[in-house]
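Student: I would like to go through this model step by step. Can we start with the overall make-up and then turn to particular residues?

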Amino acid sequence: MSNGDDDPTDAEEPTDANGESAAADAGDDAAETADAEEPKEEADAEEAKAETADESTDEAAAEESVDETDSEEPEAGATDEAASDESESEADAEDDTEADADAGELATTEDLDERCEAAAEALEAAETEADLDDVAATLDAIEADLPPVPEADEDDEDDPDDPHEEARSQLADLRDDLEAARGPYADDVTDAIEAATAAIDDGDWTEQGEGEVVDAVGSFVDAVAEQIDVEAESPATFEAATTTLDTVGAAVEAAGLDADADDEIIAALVEATDALDSDIEAAQEWADLSVRETLQSEGYYDVLGHTKDYPMEWAALKEHEKRGNTDMILMALDSLDSDFMEEHCLDALERMGPVAATDEAIETMLARAEKRDKPAIRILGKMGATEAVETLIEYVDADSDAPLQKVTFRALGEIGDDRAVQPLADKLLMDNDVVRPQAARALGLIGDTRAIKPLSETLKADDDANVRAQAAWALRQIGTKRALEAVVDHGSDATFVVQTELEKAREELDAAVPNA
């Protein structure tokens, strides 16, 4: 039986005479032949491996040489293609960056107006300091989201456009409104008290001025005492004034006033400090005496029964106007460096009219009129100053200054000098509908009959109803039969004010005695 390693076929093997199997012999012969051939085959195999290894080495060296050559000297086409790819990549990245920037800018621009509007509404509705703080935080957030202002290019002389310029302006306005909405605070009061104390210490006060300072501080103490508890009384001496203010300042600070809960008290205290500041500024110092001493020496204040009226200069001025003291008014006008007093001095001279028409007054006003000063021109008209006619006629042709023409025309009419008739008559043909009626009225005030013809033509032909009405009025002021007939001959007018003048002229003509 064969074992598990034998061929599964059970055929008997042939044997030779010695009983040994023929197959075994054949196997031995084959083994011997294989043993003889094996060394040769192994030698051939080793030789073949060696040749293969040599060939592989040569090929690897050749490939390495080619690779080195390719690395050192890339082909031109490959280089250009790589550079092109790199340029396209950079361009794409740059486009993406610009797109992202544009998108961010658009989002900021679209969002900004809405956020600022909301901040403005919150500011308007704010009732407490906490509300205002919230608005401030909102404005800070909006500002933080704004891109920086574009910087100018070195090669560009013009500043670059700022797409957010309007937004920055709106934000700045909101911040201004926010600051205006804050306060007032107790610190504002204490700071004002400290400033008043410094002003008193630094002032060079006269005896009268010291008394005025004491009165000012006393009034301030009374005003503060109405709002908070303060252990201070009106100072008895000038030296005690600053000490009293220190006490009041400490009381305000100790009161712990809250800007929200005590806003009305703080506002009243601020008003009191404003009054204190004004009173101290008005108190007399030695530097003020040069003017006042001059006025005093000239008897300017002698018309006053007392010096309690404030300011004394104005009180004296009103009294001098009543008495017709032109020289005193001119002295005050020349001496007092005050817009307030200058205005009131000129008003007084204008109201006095012919009474104030002294040589000195006319000369003073004429000097001002030569600088086109309109109040001075009005005064010269009220004075009836014929000395000013030549100067005023020069302004009749000042077509570029209609307000100057109007006041000049009226002044010439009030002066009534016939030298102005022709220049004014010429202005009846000007284009300005505002000034032209003043020319007609001035001719009526002068009353010269040479104006009848140009006024009649204006009444008939002018398209402006106001001009026609003034022409009819002027003819009535001239008052001669020929002047009144020129009005009546106009017939009728659709404008009420013109028709009224026509009817008055008809009545006056019927009642008049012919005189022309």
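This is a predicted model: local features need pLDDT of at least 70, side-chain atom pairs count only at pLDDT 80 or more; totals for chains, interfaces and linings use all residues.

Student: What share of the residues in the protein chain is buried?

Tutor: Buried here means under 20% relative accessible area. The protein chain has 516 residues, and the buried share is 34%.

Student: Is Glu-166 buried or exposed, and why?

Tutor: Glu-166 is one of the residues of the negative patch and lies in helix H4. The cut-off for exposed is over 50% relative accessible area. Glu-166 has 65% relative accessibility, so it counts as exposed.

Student: Is Thr-206 buried or exposed, and why?

Tutor: Thr-206 lies in the loop that links helix H5 (186-202) and helix H6 (207-225). The cut-off for buried is under 20%. The relative accessible area of Thr-206 is 4%, so Thr-206 is buried.

Student: Which residues is Thr-206 in contact with, leaving aside its neighbours within four places in sequence?

Tutor: A contact needs heavy atoms within 4.5 Å. With those sequence neighbours left aside, the contacts of Thr-206 are Gln-284, Glu-285, Trp-286 and Leu-289.

Technical notes. Residues are numbered from 1 along each chain as its sequence is written. Side-chain values use heavy atoms; hydrogens and water are left out. Patches are made of residues with over 30% relative accessible area and no salt bridge: like charges are joined within 9 Å, nonpolar side chains (Val, Leu, Ile, Met, Phe, Trp, Tyr) within 5 Å. Accessible areas come from the Shrake-Rupley method with a 1.4 Å probe; for residues, only the protein chains shown count as cover. A salt bridge is a side-chain nitrogen of Lys or Arg within 4 Å of a carboxyl oxygen of Asp or Glu. Lys and Arg count as positive and Asp and Glu as negative; His and the chain ends are not counted. The place of a charge is taken as NZ of Lys, CZ of Arg, CG of Asp or CD of Glu. Helices (H or I, at least four residues) and strands (E, at least two) are DSSP runs, numbered from the N terminus. Buried means under 20% relative accessible area, exposed over 50%, partly exposed in between (1.4 Å probe, protein chains only).
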